[in-house]
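Let's take a walk through a protein model together.

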Amino acid sequence: MPSARSGRRHQSIPFWRRARRILLLAAIACLIPAGISYVQAMGEKHNVGLGVRSVEWLRQNGGNSIVSQIENWYYTLTAPAKGGSPLRSLPQVGVGSAGEGPGSRTRDYRPPNVKPLIQPALPGEGVWKKAASHAGPRPPVLLTTFRSDPEYPKFVAGVAWIDSSRTRLAYVPGLAEPPAPLAHRGPAEVPEAKRKRVVATFNGGFPLETSNAGLIYRGKVKEAMVNGVATVVEYRDGRVDVVPWHQGPGAPANVWFAKQNLPPIIEGGQLGAKLSDGPEWGETVNNAVRVWRSGLGVDNRGNLLYAAADFQTVESLARILQRAGAVRALELDINEDWTSFISYRHPGAGEPANLLPEMLRPPERYLTPDERDFFAVYLRPGQRW
Amino acid sequence: MRLPRDIGPGAAARRALLADVLIALGIALLAFLLAAGIGIVIFVALPTLLVLLAWIATEAAVRGVRRRRLSSAFKTGTRESHAP
């Protein structure tokens with residue numbers, strides 16, 4: 001005769017219920033260490049919202065491909081329609097009037113105005129304006145806007161021209177980018193001592209984790225350089241250039257800093273040969289997806305050109321820079337959270353202003369410690385506003 | 001050495017729970033070893049947890065509603081049978 005115990009033994013938990021319990025326990029076991037890592041990351045000092053920081057944490061912890069894929073879906077679903085009502089005016093940039101642009105009474109070089117793509121041109125379209133109110137006859141930074149795509153006449157690109165003979169470019173590490181360890185990280189903002197000379201600041205390109213490229217900081221290799229990748233380089237003599245890198249993984253003796261980001265988008269004045277998606281672009285939003293994009297180039301005199309606009313593909317960004325006069329260029333950051341160009345209208349980092357009013361981050365972005373690395377443009381010693 | 005087979009339901013339940021916990025830890029360890037990073041693990045584990053919790057909560061709610069209905073039907077039946 002079976003005992004009461006053995007009779008009850010057969011009333012075991014159904015298989016599916018046990019499988020569910022195992023899955024639940026496994027999920028909890030996975031979430032404990034992941035949660036600790038996430039909470040620690042969120043507790044660190046940062047100046048972006050929780051959502052952005054969470055996405056960045058996911059990217060830094062193996063989720064880059066997932067984030068990029070979701071972004072691709074999102075931006076494809078929210079892609080803008082072609083056409084639309086034409087604009088009647090452009091956003092106001094700079095402080096000088098249109099008449100103070102190139103061709104004024106000075107023998108100093110001024111870049112030619114950007115020829116508008118869409119006719120009739122809007123007032124001030126493509127005309128360079130001074131970024132600072134006290135800038136003399138040789139303003140170190142000029143700004144302009146123009147409609148960059150006839151198929152999308154509502155889109156406005158912002159472009160800045162930076163006189164390399166009067167300014168010096170500095171690479172400023174952020175709080176989290178480049179990642180530790182890094183000697184001489186600095187304050188992750190425009191240093192107080194240098195603010196009287198700062199004329200502009202702008203975003204510094206993809207994080208090393210996602211760019212799969214190199215970085216030389218203060219003459220030392222932080223991340224091995226990669227041949228063929230577009231590189232912003234400052235030499236020890238203060239000269240700045242944007243070049244495809246061909247000097248191997250180490251730091252040449254004459255290089256002070258070099259930041260790499262993706263393949264070149266303009267070479268020899270022509271659009272880059274690799275503007276379509278490919279493995280050399282890494283895990284990022286597809287190149288044909290329209291999103292905030294920014295880029296940096298040099299004109300044929302070695303002056304810097306920065307461009308940014310919403311709803312751009314890699315190719316349309318390259319065309320903006322090419323139209324503005326860039327002969328070599330690279331793409332910097334994409335997405336509204338990372339794209340910033342800020343000019344300072346008064347000495348002492350006074351009255352900071354975004355290049356385009358639609359730029360999401362505040363103009364004071366680089367006057368407080370920032371997550372990401374960035375570039376600061378200072379007047380050279382002896383140069384006056 | 002074999003585990004005793006003739007055990008009470010409480011002991012059997014505890015034994016099953018221990019086995020499930022060990023299997024779950026093994027799955028978690030495997031996930032951490034195979035995934036590209038901790039971000040991927042959380043990306044999969046969090047929705048899994050939420051779905052399972054929602055499932056369990058729904059099941060419990062349905063069970064509770066059924067029990068209440070049965071209980072009220074039983075009470076109603078009792079009252080009717082004792083009605084004068």
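What you see is a predicted model, in which local features need pLDDT of at least 70, side-chain atom pairs count only at pLDDT 80 or more, and totals for chains, interfaces and linings use all residues. Residues are numbered from 1 along each chain as its sequence is written, while chains are lettered from A and ligands numbered from 1 in the order in which they are written.

How confident is the predictor about chain A? The score to look at is pLDDT, the predictor's confidence in each residue, from 0 to 100. For chain A the mean pLDDT is 90, and 94% of the residues reach 70 or more. Two stretches call for caution.

Now zoom out. Taken along the principal axes, the C-alpha atoms of chain A fill a box of roughly 115 × 50 × 40 Å. Chain A holds five helices and 18 strands, whereas chain B has two helices and zero strands. Helices (H or I, at least four residues) and strands (E, at least two) are DSSP runs, numbered from the N terminus. Of the 385 residues of chain A, 45% are buried; in chain B, with 84 residues, the buried share is 12%. A residue is buried if 20 or more other C-beta atoms lie within 10 Å of its own, exposed if 12 or fewer, and partly exposed in between, with C-beta atoms placed from the backbone.

Next, find the open sheet of five strands in chain A, with the order S7-S6-S10-S8-S9 and antiparallel pairing. Strands of a sheet pair through backbone hydrogen bonds, either parallel or antiparallel. Two strands count as paired if DSSP finds at least two bridges between them. At the edges are S7 (220-223) and S9 (240-244) of chain A, each pairing on one side only.

Strand S6 (residues 215-217) of chain A joins S7(A) over three bridges, and Tyr217(A) has Lys220(A) as a bridge partner. S6(A) also pairs with S10(A), over two bridges, with Ile216(A) opposite Ala258(A). Strand S10 (residues 255-260) of chain A is mostly covered, with five of its six residues buried. Five bridges connect S10(A) to strand S8 (residues 230-235) of chain A, and Tyr235(A) is partnered there with Val255(A).

Where do the parts meet? Chain A is divided into domain 1 (13-77) and domain 2 (98-379), with bounds from an automatic or database domain assignment. Their centres, taken over C-alpha atoms, are 33 Å apart, and 14 residues of domain 1 are in contact with 16 residues of domain 2.

Between the chains, 30 residues of chain A are in contact with 27 residues of chain B. Helices H1 (4-9), H2 (15-43) and H3 (50-77) of chain A each give two or more residues to this side of chain A, and H2(A) provides the largest share, 17 residues.

Note on methods. Two residues are in contact if their C-beta atoms, placed from the backbone, lie within 7 Å.
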